[in-house]
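Good morning, everyone. Please look at the screen while I talk.

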Amino acid sequence: MTLRHALCAALLGAGTLLASPAPAADLEARVIVKLKAASPLKQAQAASRVQSLGARLGVSARLLGQPAPDLQVMQASGISSDALAARLARQADVEYAVPDRIKTIRALPNDPLFGSQWYLQAPGATRPAAIDAVGAWSLGGGSASVVVAVVDTGVRFDHEDLAASLLPGYDFIADALNSGDGDGSRDADASDPGDYLSAADLANADLRSMCGTSTTRSSSWHGTQVAGIVAAQANNGLGIAGAGGATRVLPVRVLGKCGGYDSDIIAGMRWAAGLAVPGVPANPNPAKVINLSLAGGNGCSSAYASAIAEVRQAGALIVAAAGNETSPVEEPASCAGVLAVAGIRHAGTKVGYSSYGPEVGISAPAGNCINILQGEPCLFPFVNAINLGTTTPAANGYTGIYDVTRGTSFSVPLVAGTAALMIAANPALGEAEVANRIKRTARVFPGDSSLPTCPETTSDGQCNCTTTSCGAGMLNAAAAVAAAIDAGAQNPSVVISVPASPRAGSAFTLGSEQSQAAPGAALSTWAWSQLSGPAGILGSNTPSTTFTAPVAGTYILRLTVTDDAGRTGVQDVSIEVAAAPSGSGGGGGGASDPVSLLALFALAGLAARCRRER
């Protein structure tokens with residue numbers, strides 16, 4: 001390609017001008033795209049926006065849905081999701097475009113084994129990783145006013161140990177093949193119809209391709225299991241007790257036969273937090289904690305980063321599974337602002353399958369069996385509420401002595417349940433303060449001289465945890481609830497003020513005038529930091545500071561305030577920064593710069609010539 005051809009391609013936003021191969025008929029793209037605030041397409045309806053973007057690129061595109069008012073899920077044939085996202089991202093008025101990928105359940109397959117609820121007990125010599133939920137309950141039994149959203153496969157509403165704890169939820173699976181519930185539409189029925197794959201299912205080439213497997217499997221009833229760990233009813237003479245005591249569960253169905261698309265998960269997260277989702281009724285029971293026992297892929301896409309910032313701004317704590325791949329932490333746990341949870345064995349060392357890395361905030365039991373001989377019971381599994389049907393729903397029950405219930409999926413609800421107990425004990429705690437106290441009260445990891453230190457592992461993935469691989473330590477529910485109670489009486493409250501319309505390239509002021517110390521104390525230090533977004537310029541650590549964003553986008557900033565007794569308060573704020581006004585370039589390069597004007601005229605002439613030669 002000549003330099004002129006390359007410039008034409010960049011100017012017209014249509015890719016190469018050279019002959020392109022015919023589109024591959026078997027490719028199907030799904031992309032989440034967000035337009036910049038100044039895009040002229042924002043004046044059009046969502047479907048028209050998508051069609052216009054497709055026309056620019058020479059593809060036929062249609063709107064699949066909107067996880068948020070400013071997000072469109074775009075589908076096109078004959079092109080891969082990665083290729084479409086890359087081409088869209090090059091458009092001048094697109095803030096970001098990312099593939100709409102599938103996330104899958106992060107509990108390992110169940111085999112017939114059994115154990116007791118050792119993980120809720122006080123830690124002991126044989127189980128130092130137990131979280132001491134019993135001690136936490138002695139400080140406060142939770143509250144029905146605190147809601148934990150379980151964003152998962154849905155639940156069995158008729159389970160006798162869950163019925164009293166469940167709120168009406170919502171089904172966000174928009175793909176008919178993946179849904180498995182017979183309608184393939186978003187609706188108010190969050191019940192789990194079963195995520196089994198039958199031979200008949202796999203005879204459908206589209207479903208087989210979506211799931212990435214040709215192997216049949218039974219239903220997992222994964223959402224029911226996770227919901228039970230959070231809030232199975234205690235002291236009712238039935239089954240098990242949930243870590244969160246009297247906490248209520250909001251079931252949000254996003255995972256079907258093949259897992260769940262990012263766009264459905266993001267829509268479910270936002271709705272759970274009380275944010276608007278186009279075409280879906282408002283959530284009357286916004287959650288304070290969002291449980292994501294799911295994962296897939298690495299990094300953190302712009303779509304997840306934006307959604308997480310919005311959810312946190314709404315006041316909800318996001319707790320997510322690190323993953324089960326003995327690898328770097330998976331998305332969305334890898335995103336800034338998420339409390340990522342790694343899995344540990346009963347002994348407090350990293351369980352072999354758990355993903356790990358610096359993104360992890362805390363570790364909690366994940367289930368492990370020790371014995372490896374076929375037919376022997378699992379020694380340290382989870383005992384979970386479940387449906388006994390292998391495909392469609394049958395009688396309800398519990399996992400038994402030969403069910404291998406393990407995975408970082410089950411570590412997450414222990415943390416979510418603990419967070420719910422903390423919020424019940426001190427409703428004034430913000431989500432960042434809850435996460436910080438969970439980390440601060442964690443117990444120190446033990447060591448095993450027979451194991452290497454993470455990140456080095458044995459052949460089956462085990463290692464001694466460190467704070468850079470498995471988070472702050474082992475979850476200590478009792479100490480975390482005690483810290484929440486103590487914070488209610490003593491810690492500073494932090495409030496951040498933000499200007500109405502900040503723009504890139506210009507410093508704007510952040511204030512904390514409404515922050516307060518506890519009675520008899522005084523605020524002494526202020527520490528500002530940036531958590532996400534392109535690196536900007538922060539001013540001094542004073543009650544008011546300045547921030548300059550280099551480009552338009554979403555930024556998360558944190559203020560940590562300390563009083564004269566050494567007690568701290570923390571608050572995060574998500575800021576949407578608009579693009580700098582046209583003609584405001586620095587260094588004398590504005591519209592009145594003769595050199596700039598000559599360059600613009602030259603580019604305009606080249607663009608016209610490019611169009612004639614298309």
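Predicted model: local features only at pLDDT ≥ 70, side-chain atom pairs only at ≥ 80, totals over all residues.

Now, what is a disulfide? A disulfide is a covalent bond between the sulfur atoms of two cysteines. How many disulfides does the count come to? The count comes to four. I will show three of those four disulfides.

Start with Cys211 and Cys258. A disulfide joins them, and the S to S distance is 1.8 Å. Where do these two cysteines sit? Cys211 is in helix 7, residues 205–211. Cys258 is in the loop between strand 9 (248–253) and strand 10 (260–261). The two are 47 residues apart, and the pair links distant parts of the chain. The link of Cys211 and Cys258 is left-handed, with -65° about the S-S bond.

Are these two buried or exposed? Cys211 has a relative accessible area of 17%. Buried means under 20%, so Cys211 is buried. Cys258 has a relative accessibility of 6%, so Cys258 counts as buried too.

Next pair: Cys300 and Cys335. They are joined by a disulfide, S to S 2.0 Å. Cys300 lies in the loop between strand 12 (294–295) and helix 10 (302–313). Cys335 lies in the loop between strand 13 (317–321) and strand 14 (339–344). So this pair ties together parts that are 35 residues apart in sequence. The link of Cys300 and Cys335 is right-handed, with 105° about the S-S bond.

Look at burial in this pair. Cys335 is at 3% relative accessibility and counts as buried. Cys300 is at 36%.

Now Cys454 and Cys463. Their sulfur atoms are 1.9 Å apart, and they form a disulfide. Which hand does this disulfide have? The torsion about the S-S bond is about 85°, so the disulfide of Cys454 and Cys463 is right-handed. Cys454 and Cys463 are both buried.

Last stop: helix 3, residues 81–89. Which residues of helix 3 are buried? Ser81, Leu84, Ala85, Arg87 and Leu88 are. Their arc around the axis is only 165°, which puts them on the same side of helix 3. And what covers these buried residues of helix 3? The cover includes strand 1 (28–35) and helix 2 (46–57). The cover also includes strand 3 (71–77) and strand 4 (94–99).

That is my tour. Thank you.

Terms used
Residues numbered from 1 in each chain as written. Heavy atoms only, no water. Disulfide = S-S within 2.5 Å. Helix = DSSP H or I, 4+ residues; strand = E, 2+ residues; numbered from the N terminus. Buried < 20%, exposed > 50% of the residue type's maximum accessible area, 1.4 Å probe, protein only. Arc of directions from axis to C-beta. Contact = heavy atoms within 4.5 Å.
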